[in-house]
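Please keep the sequence and the structure in view while reading.

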Amino acid sequence: MRAVKIFAPGDIRTVDVPRDQVEKPTDAVIRVQAACVCGSDLWAYRGAHEVTEARMGHEYVGVVEEVGAEVTTVSPGDWVVGSFVASCGKCEICLAGYPSSCINREFMGGVGTQAEYARIPWADGTLVRLPKPPTDDQMRHILAASDVLGTGWYAADAAHAGPGHTVAVIGDGAVGLSAVLGARVMGADRIIISSRNPERQKLALAFGADEIFPERGDDFVQRVKEATGGYGAHSVVEAVGTHESMQQAIRSTRRGGYLGFVGVSHDQTIDGSRLFAAQIHLEGGPAPVRRYLPDLVDRIYSGEITPGDVFDLTLPLERADEAYAAMDQRSAIKVMLRP
């Protein structure tokens, strides 16, 4: 089968690999119908950490091809979507609502879903069966739910976005934009996003943002405080993952407020005394997407939300190198790959 692999920073190729097979009785194998490039994939692409030859991708929509002997919730022929983290669904951590920290978790990036087929560990706890085959339009929305929508939704939820709250979103990538969408559905009174990109600004407004602040760092913090009577935002989303963005997020949150952080951390340090003085609620990490998937699928099929609008470029799997380059250069927000 064909699959996308990275060989060195900037070196993405679509190559022949052995077809994925059921390895454990809890596995399923899907025929991938749509995959995509995630902003977190770019860390390896840019050489931000050591790169070894590996398959790429962790977002997917597909059709079940075969299942292991212990799989009971999906069957061959079912259309499915799943989280970017495979989870058992039965351990105490899963039952507490944090399947992305499942005691048995396996990150799908270790499997690689930018491929024609993909093995899904812990199929019963990971996959959600779709009510019917998606249309081409629904496909992109369902694909977004596999990671960026669920991650942005979690960030907004962790930040307690809702009625009476001003929400500040730091990061205008697909996750930050999805957080705007989530905050709007959750009923936030006012949503501000930090963005300098005209196309991303348009989508942020379409998703429900009320204001666009192009400033960064201290200037953004000052704008937020001026807009909130000097207090800061009730709810802040950090969707970048750098030291600067995290500091900006902490300082933008009012005392007693909530910060949801989902940007993959790179070179972050947090001053303990400053965090102590900030007196904020802090929650984040790898999003428990599986917790939200059934509800998100229902909202997508009803037409309530269109999270797949973050996809502004679709390419065949064979042109994955172009997909990575487009996202690296910020000429695309998010790229869908079709096998």
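Contact here means heavy atoms within 4.5 Å. The model is predicted.

**Arginine 200**
- Helix H7, residues 198-207, contains arginine 200.
- With a relative accessible area of 5%, arginine 200 is buried, because buried means under 20%.
- Leaving aside neighbours within four places in sequence, arginine 200 is in contact with Asp172, Gly173, Leu177, Ser195, Arg330, Ala332 and Ile333.
- The arginine 200 side chain reaches the backbone oxygen of alanine 332 at 3.3 Å.

**Alanine 188**
- The loop between helix H6 (174-185) and strand E12 (190-194) holds alanine 188.
- Alanine 188 is buried, at a relative accessible area of 3%.
- Not counting residues up to four places away in sequence, alanine 188 touches Gly162, Pro163, His165, Val167 and Ala183.
- Alanine 188 and alanine 3 are 185 residues apart along the chain, and 41 Å separates their C-alpha atoms.

**Helices H4 and H11**
- The axes of H4 (residues 136-145) and H11 (residues 289-301) come within 9 Å and cross at roughly 160°.
- H4 and H11 are therefore roughly antiparallel to each other, since angles over 145 degrees count as such.
- The crossing of H4 past H11 is right-handed.
- H4 contributes Gln138, His141, Ile142 and Ala145 to the contact, and H11 contributes Val289, Leu293, Val297, Ile300 and Tyr301.
- By class, this contact of H4 with H11 has seven nonpolar and two polar residues, and no charged ones.

Methods. Residues are numbered from 1 along each chain as its sequence is written. This is a predicted model: local features need pLDDT of at least 70, side-chain atom pairs count only at pLDDT 80 or more; totals for chains, interfaces and linings use all residues. Side-chain values use heavy atoms; hydrogens and water are left out. Axes are lines fitted to C-alpha atoms, for helices over the stretch in contact, and angles run from 0 to 180 degrees between N-to-C directions. Helices (H or I, at least four residues) and strands (E, at least two) are DSSP runs, numbered from the N terminus. Angles under 35 degrees count as roughly parallel, over 145 as roughly antiparallel, 65 to 115 as roughly perpendicular and the rest as oblique. A crossing is left-handed if the near helix is turned anticlockwise from the far one by less than a right angle, and right-handed if clockwise. Ala, Val, Leu, Ile, Met, Phe, Trp, Tyr, Cys and Pro count as nonpolar, Asp, Glu, Lys and Arg as charged, and the others, Gly among them, as polar. Buried means under 20% relative accessible area, exposed over 50%, partly exposed in between (1.4 Å probe, protein chains only). A polar contact is a pair of N or O atoms within 3.5 Å; within protein, one must be able to donate a hydrogen and the other to accept it, and residues adjacent in sequence count only if both atoms are side-chain atoms.
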